Amino acid sequence: MALLTKDEAQALLKKVLSYSKADECEVNLTGTNTGNIRYARNSVSTSGGISTYTLVVQSAYGKKLGTATINEFDDASLEKVVRRSEELAQLAPENPEYVSVLGPQKYAEPITYVPATAAITPKMRADAVAQSLQVAKETKTVAAGFMEDTTTVNVMMNSKGLFAYNTSTGVNFSITMRTEDGKGSGYATRGYNDITKLDAKKASQIAADKGVKSATARAIEPGKYTVILEPAAAAVLMENIFFGLDARQADEGRSFLSTTGGKTRLGEKLVDERVNIYSDPLNPDLPTSTWAADGRPQEKVSWIEKGVVKNLTFSRYWAEKKGVKAVPPPAGVIMEGGTKSVEELIKGTKKGILVTRLWYIRPVDPQTLLLTGLTRDGTFYIENGEIKYPIKNFRFNESPVIMLNNLEELGKVERTVSVESNTNYLLPPMKIRDFTFSSLSDAV
Amino acid sequence: MYLTGMGTTAAMLSAIPGMGRAIAPERALETVDVALKKQLADVALNAARSKGATYTDVRIGRYLNQFIITREDKVQNIVNTESYGLGVRVVAQGGWGFAATDKLDKDSIAKAAELAVAIAKENSRLLSEPVQLAPQKGYGEVSWKAPIEKNAFEVPIKEKVDLLLGVNDAAMKGGANYINSFLFMVNEQKYFASTDGSYIDQDIHRIWPTFFITKIDATSGKFETRNALSAPMGMGYEYLYARPQDKIQGVTTLYKGRYDMLEDAKAGAQQAGEKLKAKSVEPGKYDLILDPSHLWLTIHESTGHPTELDRVLGYEANFAGTSFLTLDKWQSKKFNYGSKLVNVVADKTQVGSLGAVGYDDEGVKCGQWDVIKDGTLVNYQAIRDQAHILGLPASQGCCYADNWSSVQFQRMANISLQAGKEKKSIDDLIKGVEKGIYIIGDGSFSIDQQRYNFQFGGQLYYEIKNGKIVGALKDVAYQSNTQEFWNSCTAIADQSDYRLGGSFFDGKGQPMQVSAVSHGSATTRFNGVNVINTSRNIG
């Protein structure tokens with residue numbers, strides 16, 4: 001399915017708005033093509049594709065809102081969906097927190113769309129899987145993996161003259177390679193906007209290598225250890241900070257960023273001064289939309305600078321109440337790193353543990369952002385700068401805030417994917433001291 | 001795999017598959033004509049057959065959701081959605097193919113069926129063995145309806161809004177600083193047809209009222225939360241019409257089959273305050289008395305998931321994980337999963353449960369079977385293309401897709417711990433404990449990818465000393481190993497205490513799908529479990 005061009009989208013949404021009789025009207029159009037292929041036991045299990053277009057119309061009378069949606073695009077349907085949203089608005093209770101829609105905004109030109117990704121075919125997906133299965137055959141491992149590609153157009157227009165248009169592409173690939181006896185398991189994950197950057201074979205080789213080397217793991221005592229978290233392992237911990245930047249939660253006293261008496265940690269040093277976290281929609285390695293879902297421009301924003309909390313995210317309502325700039329939540333988050341590879345970080349480690357992946361991360365205490373979860377798919381003991389042997393998996397109880405105060409060193413940034421949220425980040429591998437492992441797991 | 005996070009409104013809404021389009025509330029009361037659905041299904045069956053499919057099934061689904069979302073004295077959102085479309089799954093050249101469409105004209109349906117066949121053929125080169133389906137007879141034209149008393153979609157929105165705002169008001173008057181409350185209602189109108197000759201029309205209802213209360217100590221800046229003790233249920237609005245016989249009185253009121261949301265919110269506000277002042281737990285070994293409002297989640301993670309056959313076989317290795325309950329353990333017929341008291345049953349027919357249906361999503365009539373018998377592993381949960389691996393003559397009916405646009409696969413049946421055979425009350429269980437903790441409500445949860453090592457928290461913790469509850473505790477979580485934990489089970493209350501808990505959002509698969517599932521139990525005792533203290537300081 002071809003995506004609507006900017007001119008086509010603008011004409012369509014103008015027509016929709018022309019039917020509006022409400023005080024305010026805002027229209028969102030999303031078109032998506034997705035395709036996926038899944039495999040396990042060295043064989044394809046499921047695969048499919050779906051294309052959808054959805055038009056959402058929101059009408060407002062004062063602070064009364066109604067929303068209606070449709071996936072048919074003839075004139076009668078377009079008028080019907082506008083009328084339906086208006087009827088719902090008139091029936092709705094007032095929303096005292098409703099903020100009037102935005103007027104025209106200026107957005108930077110996005111760099112999120114790659115034609116090669118949009119042109120992917122079922123055969124190309126099957127070919128990528130075939131490469132992965134070949135690696136499994138050569139290494140006598142059992143492959144289970146998943147590849148999903150998405151091409152999306154998002155368009156927004158409202159009765160105050162705002163117009164926003166963005167197209168984007170993305171592909172996520174993940175692969176687990178287990179030894180035939182089930183005693184070893186390795187993992188790799190990759191995410192890109194550009195499909196041509198995906199090397200399924202190389203990722204499969206890394207996973208197979210870890211799988212083979214992680215077999216016959218030894219048990220070592222739980223406790224506090226220096227760890228090297230690969231970016232995929234760091235992502236699932238770090239994103240709990242990224243998701244927790246909401247100013248209202250902090251102001252209300254129910255966040256790890258709250259202090260006493262309605263105050264927050266904004267402007268305070270929270271973590272080690274080498275920690276710098278920001279978002280930038282125009283970063284070529286992690287491009288994202290240049291506007292947020294409610295039409296606010298996405299700009300380069302520093303969240304943590306030299307360990308100090310520099311910005312929190314605000315809904316437009318909360319920003320208005322507080323008299324501050326309404327900074328939207330970031331779409332892609334970047335943490336600065338150093339120059340060393342994971343191998344170089346290992347070389348500089350006297351005693352420690354290399355963690356490939358962390359799993360089933362859940363909050364234990366929102367006040368301290370204490371999280372629990374387990375290592376998985378490749379955990380190794382390091383001694384005198386070398387990997388000595390694979391070790392059994394651990395459960396951890398650790399807060400990413402405490403972890404970033406125990407920072408030893410950051411490695412070279414790379415793009416990675418969170419297995420929990422499926423979100424892409426640019427993160428460095430990180431060496432952390434006193435990471436708390438609380439019990440052993442027999443899981444492979 | 002795991003339950004998706006439930007911390008925020010956005011997360012809850014985004015966890016609903018194929019949210020679909022927003023509709024007027026009254027539209028949910030309309031239904032689609034069965035004769036029309038049969039015509040549409042036949043178009044897909046015939047198109048797939050003509051392109052070379054050796055088996056085809058078609059699901060036409062109309063998925064209705066209503067969410068009412070409030071905080072304190074405000075209605076934040078009322079959302080009505082409908083998702084309607086058709087999914088077609090085929091076997092061609094020995095492999096599976098799937099395609100879906102929301103355009104229900106004959107041409108679009110035929111094209112979807114053809115695409116499913118084309119995908120099956122494209123992928124057949126990457127198969128190690130062809131699909132083997134367990135035999136399944138066609139049932140002809142049949143139907144099944146959930147036995148609800150009051151369709152929640154018929155209840156005026158004002159009544160639901162008034163309930164939630166009343167709940168919020170009670171909590172705020174009771175000292176809460178904040179409360180978020182929610183009412184989720186689901187109606188799945190599902191039609192299934194297959195080349196086996198089944199045309200099955202089903203009507204399924206689910207409801208979940210819940211809230212999160214926060215209480216803050218302004219001086220210290222510490223806060224505590226207390227979530228609702230409700231359960232999501234396979235019921236209509238009658239779940240919210242609580243009667244005296246549905247309540248179990250004790251240290252707090254517990255609910256059986258019906259729920260008094262207002263009463264629970266009042267108690268919740270008070271208990272959130274008590275949690276702030278409660279004693280921080282001393283880590284160590286404790287005997288645990290686990291309420292069904294808590295234990296359902298431990299059953300789900302440590303019994304439900306490891307007995308899913310797709311995990312055992314490795315189909316979830318890249319995401320949800322595999323299972324420690326390998327086939328050799330089942331084949332031995334003597335794998336000691338738990339103590340002799342532990343009897344676990346899979347049941348797709350349990351009235352009021354989230355997983356109850358007449359037929360699963362590949363046209364298999366549902367039933368119940370033993371999974372753990374007197375502490376020994378005796379069976380798994382399987383679907384048609386797995387039954388031959390266990391030597392079963394037929395599928396166990398565990399196939400489910402969360403939307404017409406999702407491909408169906410093996411999902412968890414309701415998996416429940418059977419009540420004790422001897423007459424025993426909650427008090428009887430507590431009386432025998434010297435040093436223990438009584439845990440009510442579900443909290444933090446995490447388990448490894450083969451289901452050995454887990455950690456769970458709760459909502460309310462009470463210290464037991466010498467057979468008596470002596471006060472509230474906080475910062476409690478227990479860690480154990482599945483086999484060790486279930487072998488430490490020493491007492492289960494009787495059937496009069498049996499209650500259901502469950503989840504709307506059990507997640508598995510790639511792309512991830514959610515399913516709703518219930519887990520029943522009576523209050524149960526586990527001896528000598530490792531308890532950790534979860535308090536930390538971040539400055």
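Please note that the structure before us is a predicted model.

Consider helix H4, residues 122-139 of chain A, and helix H5, residues 200-213 of chain A. Their axes come within 9 Å and cross at roughly 30°. H4(A) and H5(A) are therefore roughly parallel to each other. The crossing in which H4(A) passes H5(A) is right-handed. On the H4(A) side, the residues that meet H5(A) include A:Ala128, A:Gln131 and A:Val135; among their counterparts in H5(A) are A:Lys201, A:Ser204 and A:Ala208. By class, the residues of this contact comprise six nonpolar, five polar and one charged.

I turn now to the domains. The domain assignment of chain A gives domain 1, spanning 6-211, and domain 2, spanning 217-444. Between the C-alpha centres of domain 1 and domain 2 of chain A there are 25 Å. Domain 1 of chain A contributes 28 residues to the contact, and domain 2 of chain A contributes 26 residues. On the side of domain 1, the elements giving two or more residues are strands E4 (141-158), E5 (163-179) and E6 (185-192) of chain A. That side has ten nonpolar, 14 polar and four charged residues.

Finally, the sheet. Six strands of chain A form an open sheet with mixed pairing, in the order E10-E9-E8-E11-E18-E17. Its edge strands are E10 (308-309) and E17 (414-417) of chain A, each pairing on one side only. Within the sheet, strands E8 (277-279) and E9 (301-305) of chain A run antiparallel and are joined by three bridges. In one of these, A:Ser279 has A:Val301 in E9(A) as its bridge partner.

How values were computed: Residues numbered from 1 in each chain as written. Chains lettered and ligands numbered in written order. Predicted model: local features only at pLDDT ≥ 70, side-chain atom pairs only at ≥ 80, totals over all residues. Pairing = 2+ DSSP bridges. Helix = DSSP H or I, 4+ residues; strand = E, 2+ residues; numbered from the N terminus. Domains from an automatic or database assignment. Contact = placed C-beta atoms within 7 Å. Nonpolar A, V, L, I, M, F, W, Y, C, P; charged D, E, K, R; others polar. Axes fitted to C-alpha atoms, helices over the stretch in contact; angles between N-to-C directions. Parallel < 35°, antiparallel > 145°, perpendicular 65-115°, else oblique. Left-handed = near helix turned anticlockwise from the far one by under 90°.
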